[in-house]
Amino acid sequence: MFTPTPLQQTLQFQYAIACQLLDYHLKDLSEEAYHWRPAPASLHIAEQAGVWRADWPSSEGYEIGPPSTAWLLWHMTFWWSMVFDYSFGQASLQREDLAAEGSAAAAVDRLLALRSRWDAAVAELPDAAWMEPGRTRWPFADRSFADLAAWLNLELMKNASELGYSRFLYAAHHD
C-alpha cells in the first residue's frame, strides 16, 4: 500500500483546498458570465477563423485590465497543460497549440479532464521522483517535482481566487 511522505501529504492537502475553491467557482457558470468582460481593457478570448484564441498580455501591468472568466479558464488550461506535457508528455506543447473554448461548459469540462489526468499521473509517481528534477522542465527547471507541485498549488489557488473575483464582479454588475 502507498503511504505518502509528510511532504506529499502537505502538498496534496494544499492541492485539495485549491481544487475545492476552484470547484466552488466553476459551479453553475453561465455562458453570459463566461463571456462577460469586466472592463473594456481586459484579457479575453475571441473567435478568429473558427478558432477561439486568448489574448496574450504584452505586460503584467495594471493597464492591461482585469481578465474575463473565459480568459482565466483558458489561462488555467494553458499553464496546466504546459506543466503536464513537460512533466509527463513530450515536452513539445507551445502556447499557440492551446486554443480557448467558445463555451463555458466546454471550458469547464476541459479543465476538469486535465485535472483528472494530472491527479492520475501524480498518483503514479514513486516517492523518489518527488525530490528529483527530471520532470521539472516548465515553467522552470532544475528544481524538484515537489517544488513544481508547490508552484502548481499556488498558481491554482491564485487563479481560482481570480475566477471567484470575476464571478463576484459579474454577479454584482448584473443584479
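How far apart do the axes of H3 and H4 come, and at roughly what angle do they cross? The axes come within 10 Å and cross at roughly 25°. More on that pair in point 4, after some ground rules.

1. First, the basis. This is a predicted model, in which local features need pLDDT of at least 70, side-chain atom pairs count only at pLDDT 80 or more, and totals for chains, interfaces and linings use all residues. Residues are numbered from 1 along each chain as its sequence is written, and side-chain values use heavy atoms, with hydrogens and water left out. Helices here are DSSP runs (H or I, at least four residues), numbered from the N terminus.

2. Helix H1 takes in residues 6-26, 21 residues in all. From first C-alpha to last, H1 reaches 30 Å, close to the 30 Å expected at 1.5 Å a residue (the expected span is 1.5 Å times one less than the number of residues). Just after H1, Asp28 takes a positive phi of about 60°.

3. Gln8, Leu11, Tyr15, Ala18, Cys19, Leu22, His25 and Leu26 are its buried residues; buried means under 20% relative accessible area, exposed over 50%, and partly exposed in between, with a 1.4 Å probe and protein chains only. Seen down the axis of H1, these buried residues fall within an arc of 120°, so they line one face of the helix (the arc is that of the directions from the helix axis to the C-beta atoms). The cover over them includes helices H3 (69-88), H4 (104-123) and H5 (145-173). On the other side of H1, Pro6, Phe13, Gln20 and Tyr24 are exposed. For Phe13, the relative accessible area is 54%. The C-alpha atoms of Phe13 and Ala160 are separated by 16 Å, and these two residues are 147 apart along the chain.

4. Back to H3 and H4. Their axes cross at roughly 25°, and that makes H3 roughly parallel to H4. Axes are lines fitted to C-alpha atoms, for helices over the stretch in contact, and angles run from 0 to 180 degrees between N-to-C directions. Angles under 35 degrees count as roughly parallel, over 145 as roughly antiparallel, 65 to 115 as roughly perpendicular and the rest as oblique. On the H3 side, the contact (heavy atoms within 4.5 Å) is made by residues including Trp80, Phe84 and Phe88. Among the H4 residues in that contact are Leu111, Arg115 and Trp118.

5. H1 also packs on H4, at an angle of about 165° and with the axes 12 Å apart. The two helices are therefore roughly antiparallel to each other. From H1, Gln12, Tyr15, Cys19, Leu22, Asp23 and Leu26 make the contact. H4 supplies Val108, Leu111, Leu112, Arg115, Trp118, Asp119 and Val122.

6. Now some backbone spots to check by eye. Most residues other than glycine have a negative phi, and most peptide bonds are trans. Ala91, in the loop between H3 and H4, has a positive phi near 60°. Ala91 is partly exposed, at 24% relative accessible area.

7. The loop between H4 and H5 holds Asp142 and Pro139. Asp142 is not a glycine, yet has a positive phi of about 60°, and its relative accessible area of 73% makes it exposed. The peptide bond from Trp138 to Pro139 is cis, with omega near 10°.
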